[in-house]
Amino acid sequence: MDRPIDVDSVDLLGRVRAGDETAWAELTARYTNMLWSLARGMRLSEQDAADAVQTTWLRLVERVDTIRHADRVGGWLATTMRRECLAAIARRERVMPAGSWDDLPAPADPLEDGLIREERDAALWRALRALRPRCQVLLRVLMADPAPSYADVALALDMPVGSIGPTRQRCLAALRQLMRLGPEPI
Amino acid sequence: MSPDEDDDQLLERLRRVAAEADAVPENVLAAARAAFAMRDTDVELARLVADSAEAGFEPVRSGPVAARLLAFDGGGVCVDLDVEVTAGRTVLIGHVSGADACVLERGDGVRQLVPLDELGRFLIGGVRPGPLRLRCRGPAGRTVATSWVTV
């Protein structure tokens with residue numbers, strides 16, 4: 001691969017390897033939002049998302065001295081997190097055999113929780129949640145703060161880097177369409 | 001305004017709403033920072049070598065019990081771990097070889113002694129869900145830890 005080397009990440013990981021706790025804090029501040037967004041975009045509950053994020057960071061601690069490409073730590077985290085999310089989904093399916101999903105309480109809805117202050121923001125969030133799953137998860141990851149690189153997004157979602165831009169455009173168009181339609185007619 | 005700028009603006013608005021509607025909980029950020037305290041450069045890793053949750057295995061299900069079988073190997077220690085969930089309660093049943101003592105370590109650093117019988121078998125009930133690993137005294141007194149697993 002001829003991607004430019006992310007000098008910043010190499011430096012950060014080098015400091016982490018040397019035991020610098022500040023560098024670790026910087027690393028977690030940079031990527032935890034992306035990991036959380038991926039888990040929530042994949043529809044994990046808050047508890048499962050929290051466990052998956054924690055496990056991903058623990059795995060990095062475990063492997064930090066042996067990671068080969070120090071400049072791609074974001075991609076390593078994205079890949080590991082994706083696996084943790086899939087494992088969490090498989091775990092739920094094992095514990096809840098198919099057919100018993102109807103008994104589950106609906107996941108907490110931030111609209112009901114009254115977390116969104118403005119109605120037009122609530123409408124936007126509702127429209128986001130009405131998108132097809134592929135679009136929801138892509139937009140959730142792209143929305144992460146700080147914004148992740150397309151290389152990291154590609155690994156998080158297991159899709160080619162080149163298709164992120166066009167898919168993003170289509171998903172945002174679909175979102176605008178849903179906004180125009182307004183609340184679903186009953 | 002170009003469509004791209006439009007898209008950037010919409011995404012920025014979404015980012016703002018997400019920070020309100022589904023922000024990363026503070027305890028998740030704190031756990032991420034705290035994970036660094038689990039770093040231990042003297043520990044050898046017993047890697048996950050088999051996991052029934054991976055593709056290729058039929059799910060093991062006997063009645064209402066959901067079971068997941070895991071195997072770890074490394075540093076001269078082998079661990080077989082059977083994670084069983086019955087009515088929301090998690091039980092660990094396992095076997096350790098190559099080690100004479102182990103603790104169960106949680107992601108937050110809390111440890112409990114693993115009661116090994118003379119054959120290296122153990123059973124631990126009432127396990128809280130979340131990431132955990134086994135940390136054992138292996139050959140020549142070296143510390144060997146399994147890789148993390150979320151139950």
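**Close-up 1. The loop between H2 and H3 of chain A, with A:Arg43.** In this predicted model, A:Arg43 lies in the loop that joins H2 and H3 of chain A, where helices are DSSP runs of H or I with at least four residues, strands are runs of E with at least two, and both are numbered from the N terminus. The phi angle of A:Arg43 is near 70°, a positive value in a residue other than glycine. A:Arg43 counts as partly exposed because it has 16 C-beta neighbours inside 10 Å; a residue is buried with 20 or more other C-beta atoms within 10 Å of its own, exposed with 12 or fewer, and partly exposed in between, the C-beta atoms being placed from the backbone. Residues are numbered from 1 along each chain as its sequence is written, and chains are lettered from A and ligands numbered from 1 in the order in which they are written. Local features need pLDDT of at least 70 and side-chain atom pairs count only at pLDDT 80 or more, whereas totals for chains, interfaces and linings use all residues.

**Close-up 2. The loops on either side of H7 in chain A.** A:Pro146 is found in the loop between H6 and helix H7 (150-157) of chain A, and the peptide bond that joins A:Asp145 to A:Pro146 is cis, with omega about 0°. In the loop between H7 and H8 of chain A sits A:Asp158, which is not a glycine and yet has a positive phi of about 55°. A:Asp158 counts as exposed, because 10 C-beta neighbours lie inside 10 Å.

**Close-up 3. The nonpolar core around A:Ala39.** The largest nonpolar core has 58 residues, and those with the most contacts inside it are A:Leu35, A:Leu38, A:Ala39, A:Val53, A:Met81 and A:Val141; such a core is a set of buried Ala, Val, Leu, Ile, Met, Phe, Trp, Tyr and Cys residues joined through C-beta atoms within 7 Å. H2(A) gives the largest share of this core, eight residues. Not counting residues up to four places away in sequence, A:Ala39 touches A:Leu44, A:Ala49, A:Ala52, A:Val53, A:Met81 and A:Cys85, contact being defined by C-beta atoms, placed from the backbone, that lie within 7 Å. Of the 186 residues of chain A, 37% count as buried, and its secondary structure comes to eight helices and zero strands.

**Close-up 4. The crossing of H2(A) and H2(B).** The axes of helix H2 (residues 21-41) of chain A and helix H2 (residues 26-34) of chain B come within 10 Å and cross at roughly 135°, the axes being lines fitted to C-alpha atoms over the stretch in contact and the angles running from 0 to 180 degrees between N-to-C directions. H2(A) is therefore oblique to H2(B). At this crossing A:Ala25, A:Thr28, A:Thr32 and A:Trp36 meet B:Val28, B:Leu29, B:Ala32 and B:Arg33.

**Close-up 5. The side of chain A that touches chain B.** In this interface, 41 residues of chain A are in contact with 36 residues of chain B. The largest share of the side of chain A that touches chain B, 11 residues, comes from H3(A). The residues on this side of chain A divide into 23 nonpolar, six polar and 12 charged, where Ala, Val, Leu, Ile, Met, Phe, Trp, Tyr, Cys and Pro count as nonpolar, Asp, Glu, Lys and Arg as charged, and the others, Gly among them, as polar.

Technical notes
Parallel < 35°, antiparallel > 145°, perpendicular 65-115°, else oblique. Contact = placed C-beta atoms within 7 Å.
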